[in-house]
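Please look over the structure shown here before reading on. The paragraphs after it lead through the chain step by step.

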Amino acid sequence: MKKTIVIGIAGGSASGKTSISQQLKDRYENTQSVVIIRQDDYYKDQSEKTMEERVKTNYDHPFAFDNTLLVKQLKELTMGKAIEKPTYDFVQHTRSHSIEHIEPSDVIVIEGLFVLENEDLRNLCDIKIFVDTDADIRFIRRLLRDVKQRGRTLESVVEQYTSTVRDMHNLFIEPSKRYADVIIPEGGHNMVAIDLLMTKISSIIQENVV
Ligand SMILES: Nc1ncnc2c1ncn2[C@@H]1O[C@H](COP(=O)(O)OP(=O)(O)O)[C@@H](O)[C@H]1O
Ligand SMILES: O=c1ccn([C@@H]2O[C@H](COP(=O)(O)O)[C@@H](O)[C@H]2O)c(=O)[nH]1
């Protein structure tokens, strides 16, 4: 009988979670056996708030996410049901208007800050991964990424990092590392770890074919 395997990838902001997931997506694109779900897409809608109010939200606290919806939709996927997934706009700090239709698949990768911190999410994961990248490297990566891709200024990245991101990471994310089965140092360019992960995923897909 076909069993869906859930792989959880947690880690701090800019640790390399999305880069790893993207490589898995690219590798298995043709097989349609792997689907990637980003916890970021489940940030709560803030369309009722002004931009001034949105900027003040603490996006690094678990309360910023609709994890109830995320857990419900993950369960639906593992039960073989398709979902209509929300998407998130980092520039506007709120949900986008587009919804993504996601079909169930052999392997579901769920990546996000609180994937191992949240007990319900953690319990849904068959393989738990923590991407472990030093804080100074994460800060540099985030600064470059957020200025280039998320419409931020240098000052706003520094202000957000020192006011919330750093403390919330130490409070919620770093301690969740102890739940990991596998720790991947440095993130997106760790080809040995990514190859091992791909070998495991390929064997899961193969078992489901037989
Ligand atoms: N090993 C790495 N070396 C250098 N840059 C990296 C590495 N892994 C990721 N990056 C870059 O760092 C930034 C943050 O990575 P990303 O995968 O978005 O992290 P996360 O999803 O954990 O926030 C991106 O611009 C990405 O290209
Ligand atoms: O509206 C938003 C939502 C989130 N953020 C920041 O994004 C990161 C999470 O994304 P990663 O890809 O894991 O870095 C989180 O640390 C929030 O601070 C935001 O600035 N605005």
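This is a predicted model: local features need pLDDT of at least 70, side-chain atom pairs count only at pLDDT 80 or more; totals for chains, interfaces and linings use all residues.

An unreviewed UniProt entry lists residues 6-192 under the name "domain: Phosphoribulokinase/uridine kinase". In the model, this span is 39% helix and 22% strand, and its end C-alpha atoms lie 21 Å apart.

The next topic is the interior. In soluble globular proteins, nonpolar side chains tend to be buried together. Here the largest nonpolar core holds 38 residues. Those that touch the most other members are Ile 7, Ile 9, Ile 108, Val 109 and Ile 110. Several elements each supply at least two residues of this core, among them strand 1 (5-11), strand 2 (34-38), strand 5 (107-111) and strand 6 (127-132). Helix 1, helix 3 (67-78) and helix 7 (191-209) also belong to that list. Strand 1 gives the most, with five residues. Ile 9 shows how the parts meet: leaving out residues up to four places away in sequence, Ile 9 touches Lys 17, Ile 20, Ser 21, Val 109, Glu 111, Val 115, Ile 129 and Val 131.

The unreviewed UniProt entry places a "binding site" feature at Gly 11, Gly 12, Ser 13, Ala 14, Ser 15, Gly 16, Lys 17 and Thr 18. Gly 11 is in strand 1, while Gly 12 is in the loop between strand 1 and helix 1. Is Gly 11 buried or exposed? A residue counts as buried if 20 or more other C-beta atoms lie within 10 Å of its own. Gly 11 is buried because 29 other C-beta atoms lie within 10 Å. Gly 12 also counts as buried, because it has 29 C-beta neighbours inside 10 Å.

The contacts of these two glycines can be traced in turn, setting aside neighbours within four places in sequence. Gly 11 is in contact with Gly 16, Lys 17, Phe 130, Val 131, Asp 132 and Thr 133. Gly 12 is in contact with Thr 133, Arg 138, His 169 and Ile 173. A separate pair, Gly 12 and Glu 155, is 143 residues apart in sequence and 20 Å apart in space, C-alpha to C-alpha.

Two ligands come next. Around ligand 1 there are 14 residues, of which Thr 18, Ser 19, Arg 141, Gly 188 and His 189 come nearest. Helix 1 (17-28) and helix 5 (135-149) are the elements that give two or more residues to this shell. The largest share, three residues, comes from helix 1. By class, the shell around ligand 1 has one nonpolar, nine polar and four charged residues.

Ligand 2 is surrounded by residues including Ser 13, Ala 14, Thr 18, Asp 40, Tyr 43 and Tyr 59. Asp 60, Phe 90, His 93, Leu 113, Gln 160 and Val 165 are also in its surroundings. The shell around ligand 2 divides into six nonpolar, four polar and two charged residues.

Strand 3 (residues 83-89) and strand 4 (residues 94-102) run antiparallel and are joined by six bridges. Glu 84 stands opposite His 101 in strand 4. The two strands form a hairpin with four residues between them, and His 93 in the turn has a positive phi of about 55°.

Most residues other than glycine have a negative phi. Which other residues depart from this pattern? Gln 32, in the loop between helix 1 and strand 2, has a positive phi near 55°. Gln 32 counts as exposed because it has 10 C-beta neighbours inside 10 Å. Glu 186, in the loop between strand 7 (182-185) and helix 7, has a positive phi near 75°. Glu 186 is partly exposed, since 14 other C-beta atoms lie within 10 Å.

Note on methods:
Residues are numbered from 1 along each chain as its sequence is written. Chains are lettered from A and ligands numbered from 1 in the order in which they are written. UniProt positions are given in the numbering used here, feature names are shortened, and annotations may be inferred rather than shown by experiment. A residue is near a molecule or strand if its C-beta atom, placed from the backbone, lies within 6 Å of it. Ala, Val, Leu, Ile, Met, Phe, Trp, Tyr, Cys and Pro count as nonpolar, Asp, Glu, Lys and Arg as charged, and the others, Gly among them, as polar. A nonpolar core is a set of buried Ala, Val, Leu, Ile, Met, Phe, Trp, Tyr and Cys residues joined through C-beta atoms within 7 Å. A residue is buried if 20 or more other C-beta atoms lie within 10 Å of its own, exposed if 12 or fewer, and partly exposed in between; C-beta atoms are placed from the backbone. Two residues are in contact if their C-beta atoms, placed from the backbone, lie within 7 Å. Two strands pair if DSSP finds at least two bridges between them.
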